[in-house]
Amino acid sequence: MNKKSVWGGLLWLAVWVSGESGAAAVWVKSVQWGAGPHPRLMVDFSGVPGYRVINLGSDAPLAIELADTALAGGLAQPPAAHPVAARIGSLPGKAKGSLRLLVETKRNAPHQARMEQWPDHARLTVEWTPSAVPAPAAASTNSARARAKPVHSFVVAIDAGHGGKDTGAIGPGGTLEKNVVMAIARKLAWYVQAEPGMKAVLVRRGDEFVDLRHRAAIARKVRADLFVSIHADAYTDGGVKGSSVYTLSEHGASSEAARWLADSENAALVGGPKLKDKNKLLASVLVDLSKNATLDASDKAAEKVLRELRKDFAVHHDEVQKAEFAVLKSLDVPSMLVETAFISNPEEERNLTNNAHQDRVARSVFRGIRAYCAESRRSAGAAGLRVAEVP
Ligand SMILES: [Zn+2]
C-alpha cells in the first residue's frame, strides 16, 4: 500500500482510537494552530510532559513523543490554509504509557520546539519557518543548530548471544560461544560509548540467561535506535569459515505483526479488545508501517556492518541474510544479528579467543554502526527535523 495515501486516509482514525487511553500523568488539553509568517502548532497540557521531537524518515510525519501522556479529547485539525501542517494524528508511543503525536506536513520546513510552563498548564509550541532560504544555506543553518544544541544520543543495544545455562555453540577446542561473544560485545560497547552522541547499552551484563523475547524488550525499554546481537556460527564441516550478518525476514516480520495484533493487550492500545473491522484494518496498517520502516532501517544498518567486516575479514555470506531469529523480532527497533566467525573452525575458534582479534571484530562492527548513525542523522537534517533530548 502507498505510504502517503495511508497517512492521508487513516490518520483521523488514529486520532479516534487512541482517545481510549488509561490513566496518565499528563493530559493533552487542547491543540491550536497559528498561521501567518510564523505558522505554529500549540499543544496545551495539564502538566509538563517529558517530550522529544523525533525523525521518522525524510518522507514521514513530524513525530512528538510524550512520556506518560494521554488525550483528554480529540485533536483539532489544522485549518486547510495552514502553510505547513496538513493533519495531526496520534498513536501509542514507543515507551509504555507514552503518546506520539504525528503531524503530516505539506512541505519540508525547518522548525523549532519549546515547552513553556504555567502553574496550571504547560504549552508545547512548534514553530515552522516555511519561507526557508535556498537548500544549501538551510542545510548549514541546520548543522549550526545541531552543533549548538545537545543532540539526542543514538542508543545501540548490544546483545551478547546466549549466556548462563545456554552456552551457545562449543568449539572443537572447548571454547564456549557465550564467553567469546560477551568479550566482543563489551569491546563494541566501549567503542560506541567513546563516540560523541552515541550510547551503548549491554543487553546482558554478565554470564546470565536472558530469554530471547526479553532481549528485544530490553532494547525497546532503553529506546534503542539499533539492536545488534553478537554470535559465533557453527557447522558440522570444520572447514567452513567467515562472518555473516542477518536481519529479520519479511515473513518473520509479518508473523510477528500478526502476533502483536492478536495480543489482547496490544489490541487494547489501538481501540479495545473487541476491535471493529474498520479499526482492525487501521491497526494492521499502522503496525505494517512501523514494521516496514524497521525492516528497511535494519537492512541499511546491516549492509553497512557487513561492508566493514568484509574489509578486514573473510565473509561467509557476501550479502545480508534473512532469517526468522526470535531475537530480531522488534517491530520498531531496527535489528541485526552478526555471526562474527565459525567457532566450529579451529582457526577461527583460536581467533575468537584472541584479545586483539576480538578488538578488530568489534571495531569493524562499530564502524558500520557509526556509518548508519551518521546516515540516519543526515536524513533527519534533510527533512528539516530537529532531534532533541528528552528534558
Ligand atoms: Zn549463537
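Tutor: In this predicted model, six strands form an open sheet in the order E11-E10-E12-E15-E13-E14, and the pairing is mixed. In general, the strands of a sheet pair through backbone hydrogen bonds, either parallel or antiparallel.

Strand E10 (residues 154-160) runs parallel to strand E12 (residues 226-233), and 5 bridges join the two. Alanine 160 has isoleucine 230 of E12 as its bridge partner. A helix also lies on this sheet: H8 (residues 346-353) packs there and touches both E12 and strand E15 (335-342). The direction of H8 makes about 115° with that of E15.

The protein donors of the zinc ion are His162 through NE2, Glu177 through OE and His231 through ND1, lying 2.1 Å from the ion. Along the chain these donors follow the spacing H-x14-E-x53-H. Histidine 231 belongs to strand E12, while histidine 162 sits in the loop between E10 and helix H3 (177-194), so the two histidines tie together parts of the chain that are 69 residues apart in sequence. Both histidine 162 and histidine 231 are buried.

Next come the salt bridges, of which the count is 17. One of them joins arginine 100 to glutamate 65, with 2.7 Å between the closest N and O atoms. Arginine 100 is in strand E7 and glutamate 65 in strand E4, so this contact ties together parts that lie 35 residues apart in sequence. Arginine 100 and glutamate 65 are both buried.

E4 and strand E7 (residues 99-105) pair in the antiparallel sense over 5 bridges. Leucine 62 has valine 103 in E7 as its bridge partner. Strand E4 (residues 62-66) is mostly covered, with 5 of its 5 residues buried. The cover is found on both faces of E4: Leu62, Ile64 and Leu66 are buried on one side, and Ala63 and Glu65 on the other.

Another salt bridge brings together the side chains of glutamate 250 and lysine 291, at 3.0 Å from N to O. Here too the partners come from distant parts of the chain, with glutamate 250 in helix H5 (residues 250-262) and lysine 291 in helix H7 (residues 277-312), 41 residues apart. Glutamate 250 has a relative accessible area of 44%, so it counts as partly exposed. For lysine 291 the relative accessible area is 5%, which means that lysine 291 is buried.

A further salt bridge links aspartate 318 with arginine 310, whose closest N and O atoms are 2.9 Å apart. Aspartate 318 is partly exposed, at a relative accessible area of 48%. Arginine 310 is also partly exposed, at 37%. Salt bridges can also join into a network, as they do among Glu308, Lys311, Asp312 and Arg367.

Within it, strand E2 (residues 40-45) and strand E9 (residues 122-128) are antiparallel partners over 6 bridges. Valine 43 stands opposite leucine 124 of E9.

Last, the chain as a whole. The chain contains 9 helices and 15 strands. Of its 391 residues, 51% count as buried. Among contacts between residues at least 6 apart in sequence, 73% join residues at least 24 apart. The accessible surface of the chain is about 17,800 Å², and 53% of that surface belongs to carbon and sulfur atoms.

Technical notes
Residues numbered from 1 in each chain as written. Predicted model: local features only at pLDDT ≥ 70, side-chain atom pairs only at ≥ 80, totals over all residues. Heavy atoms only, no water. Buried < 20%, exposed > 50% of the residue type's maximum accessible area, 1.4 Å probe, protein only. Helix = DSSP H or I, 4+ residues; strand = E, 2+ residues; numbered from the N terminus. Pairing = 2+ DSSP bridges. Salt bridge = Lys/Arg side-chain N within 4 Å of Asp/Glu carboxyl O. Contact = heavy atoms within 4.5 Å. Axes fitted to C-alpha atoms, helices over the stretch in contact; angles between N-to-C directions. Areas by Shrake-Rupley, 256 points an atom, 1.4 Å probe, with all protein chains shown as cover. Donors = N, O, S within 2.8 Å, 3.2 Å for Na, K, Ca; no water.
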